[in-house]
Amino acid sequence: QVQLVESGGGLVQAGDSLRLSCVISGRSFGSNGLAWFRQAPGKERDFVASVSWTGLRTDYADSVKDRFTISRDDAKNSIYLQMNSLKPEDTATYYCAAEYQTLKLVASRRPQDYNFWGQGTQVTVSS
C-alpha cells in the first residue's frame, strides 16, 4: 500500500521558517515528479512547488518563489519543502503528491496530474 506522510507543520509567526517533510512508502517514485500543494479553508488546492524525477528541474508558484525551496532524496524516499519568510497568507494545509506520468522533464502544476497524495500537514502563520 502506497502511503505519503507529511510532517513538520505548525504554528509560527510571520517571518519564521518551517521545513516540511514527506516520507513515501509502499513503492519507489524515483521516475515520477513530486510536488507540494496547499489548500486554505474554502479555497481550491493550489500548486506550491514541484521537482522533476531527476531532481534537476524545480518549479514554484509566484507567491512562494525565492522564499520556498523544494528538494527530494530518493535514497530516503522523501521530499522536503523549506519555507522561509513565512507570511499569514501561507496559512493552509500542505499536501505532498506524486505525479502519475513518469520521466517528465518538468513536473506538472495541475493537481489532476497527481494520483498519490498525503493526508496533509497544517501550517498556520500568525501576523
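**Aromatic cluster and nonpolar core**

Me: Which residues form one aromatic cluster?

Reply: The cluster consists of Phe-37, Phe-47, Tyr-114 and Trp-117. The model is predicted: local features require pLDDT of at least 70 and side-chain atom pairs count only at pLDDT 80 or more, while totals for chains, interfaces and linings use all residues. Residues are numbered from 1 along each chain as its sequence is written, and side-chain values use heavy atoms, with hydrogens and water left out.

Me: How many aromatic pairs does the structure hold?

Reply: There are five. Rings of Phe, Tyr and Trp (its six-membered ring) pair if their centres lie within 6.5 Å; planes under 30 degrees apart are stacked, over 60 edge-to-face, and the rest tilted.

Me: What is the geometry of Phe-37 and Phe-47?

Reply: The ring centres are 5.9 Å apart and the planes lie at 75°, so this pair is edge-to-face. Phe-37 belongs to strand β4 and Phe-47 to strand β5, ten residues apart. Strands (E, at least two residues) and helices (H or I, at least four) are DSSP runs numbered from the N terminus.

Me: And how is Phe-37 arranged with Tyr-114?

Reply: That pair is edge-to-face, at 5.2 Å centre to centre with 75° between the planes. It links Phe-37 in β4 with Tyr-114 in β10 (residues 114-117), 77 residues apart.

Me: Are Phe-37, Phe-47 and Tyr-114 buried or exposed?

Reply: Phe-37 is buried at 0% relative accessibility, Phe-47 is buried at 12%, and Tyr-114 is buried at 4%. Buried means under 20% relative accessible area, exposed over 50%, and partly exposed in between (1.4 Å probe, protein chains only).

Me: Where do charges sit over rings?

Reply: Arg-45 lies over the face of Trp-117, 4.8 Å from the ring centre. The charged end of Arg-19 sits over the ring of Tyr-80, 4.1 Å from its centre. The criterion is NZ of Lys or CZ of Arg within 6 Å of the ring centre and within 35 degrees of the ring normal.

Me: Changing topic, which residues touch the most other members of the largest nonpolar core?

Reply: Of its 33 residues, they are Trp-36, Val-48, Phe-68, Leu-81, Met-83 and Tyr-94. Such a core is a set of buried Ala, Val, Leu, Ile, Met, Phe, Trp, Tyr and Cys residues joined through side-chain atoms within 4.5 Å.

Me: Which strand supplies the largest share of this core?

Reply: β9 does, with five residues.
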